[in-house]
Amino acid sequence: MPTLILVRHGRSTANTAGLLAGWTPGVALDERGTAQAAALPGRLAALPISEAVVSPLQRCQETVQPLLDARPGLRVHTDERIGECHYGDWSGRKLAELKDEPLMEVVQAHPSAAAFPGGESMRAMQTRAAEAVREWNARVERDHGPDAVYLMCSHGDIIKSLVADALGLHLDLFQRISVEPCSVTAIRYTRLRPYLVRLGDTGDLASLAPRETSPEDDAPVGGGAGAP
């Protein structure tokens, strides 16, 4: 079965503003995110990518555009099932304000029980994304063979939930996974089990350096803004 390259979108204006973007329209890449996207074709140059599947949200579409420009023959598809979690009434709000919401503790410690007011549950988010991957695996293998490589550009919580699914981890453990903006995560699927072969690879280790301010103990909802 194929190898899936999962790319989180580049850093967005919502990331730098500390907002939970969700499906809020008009959230674009910021200057750093644009540079991250521009570097993506070079980072992926050695990979024979057969198809690209992209979240409909602007920040993901902008992230893959340089890759599409570099590979004019690459077929691209938009799939809402790998779009961001529907955060409902939380969408567009500052993460600093949401920190004191009782639901945030559930999102951190027991996400399989978390459902966003006016939105969807994290459980439903993972289910739709995993179903999309399984359907695309079958389609890509049918059209390009079992050794094909294809790409999905999606969002932090989506990618983390797919990694948890691939590792056989309960969704309640997915907040232990971290994927930075424009990071590459690779999952090789086989008939019996998937293999996680890359996780959150940004091409550099700057995010591991000590920060001037200590990182939060809680996992950032939506994926966080990455290294400063």
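A quick note on ground rules. This is a predicted model, so local features need pLDDT of at least 70, side-chain atom pairs count only at pLDDT 80 or more, and totals for chains, interfaces and linings use all residues. Residues are numbered from 1 along each chain as its sequence is written, and side-chain values use heavy atoms, with hydrogens and water left out.

Let's start with the overall fold. The chain has seven helices and six strands; helices here are DSSP runs of H or I with at least four residues, strands are E runs of at least two, and both are numbered from the N terminus. Along the sequence, the pattern reads β-α-α-β-α-β-α-α-α-β-α-β-β. The radius of gyration is 17 Å, close to the 17 Å from the globule rule for 228 residues, so the chain is as compact as a globular protein of that length. For that comparison, the radius is taken over C-alpha atoms, and the rule is 2.2 Å times the number of residues to the power 0.38. Along the principal axes, the C-alpha atoms fill a box of roughly 50 × 35 × 35 Å.

Of the 228 residues, 50% are buried, where buried means under 20% relative accessible area, exposed means over 50%, and partly exposed is in between, with a 1.4 Å probe and protein chains only. Contacts, meaning heavy atoms within 4.5 Å, are counted at a separation of 6 or more, and 73% of those in the chain come from residues 24 or more positions apart.

Now for the rings. The structure holds two aromatic pairs. The rule is that rings of Phe, Tyr and Trp (its six-membered ring) pair if their centres lie within 6.5 Å; planes under 30 degrees apart are stacked, over 60 edge-to-face, and the rest tilted. Tyr87 and Phe116 pair edge-to-face, at 4.9 Å centre to centre with 90 degrees between the planes. Tyr87 sits in the loop between strand E3 (75–78) and helix H4 (95–98), and Phe116 in the loop between helix H5 (102–109) and helix H6 (122–144), so this pair ties together parts 29 residues apart in sequence. Tyr87 is buried at 0% relative accessible area, and Phe116 counts as buried at 4%. Trp90 and Phe116 also form an edge-to-face pair, at 5.3 Å and 65 degrees. Trp90 is in the loop between E3 and H4, so its pairing with Phe116 links parts that are 26 residues apart in sequence. Trp90 is buried too, at 2% relative accessibility. Together, ring pairs link Tyr87, Trp90 and Phe116 into a cluster.

Next, helix H7 (156–167). Its twelve residues should span 16 Å, and the end C-alpha atoms are 17 Å apart, which agrees; the expected span is 1.5 Å times one less than the number of residues. Among the buried ones are Asp157, Lys160 and Leu162. What covers them includes strand E1 (3–8), H6, strand E4 (149–154), E5 and strand E6 (194–201). Lys160 also lies over the face of Phe174, at 4.9 Å from the ring centre; a charge counts as over a ring if NZ of Lys or CZ of Arg is within 6 Å of the centre and within 35 degrees of the ring normal. Just after H7, Gly168 has a positive phi of about 70 degrees.

Back to the cysteines, as promised. Cys60 is buried, at 0% relative accessibility. For Cys182, the closest cysteine sulfur is also in Cys153, at 7.3 Å, again too far. Cys182 counts as buried at 2% and lies in the loop between H7 and strand E5 (184–189). Most residues other than glycine have a negative phi. Cys182, however, takes a positive phi of about 60 degrees.

One last stop: Ser50, in strand E2 (residues 49–54). Ser50 is buried, with 16% relative accessible area. Leaving aside residues up to four places away in sequence, Ser50 touches Leu74, Val140, His144, Ala148, Val149 and Tyr150.

Methods
Disulfide = S-S within 2.5 Å.
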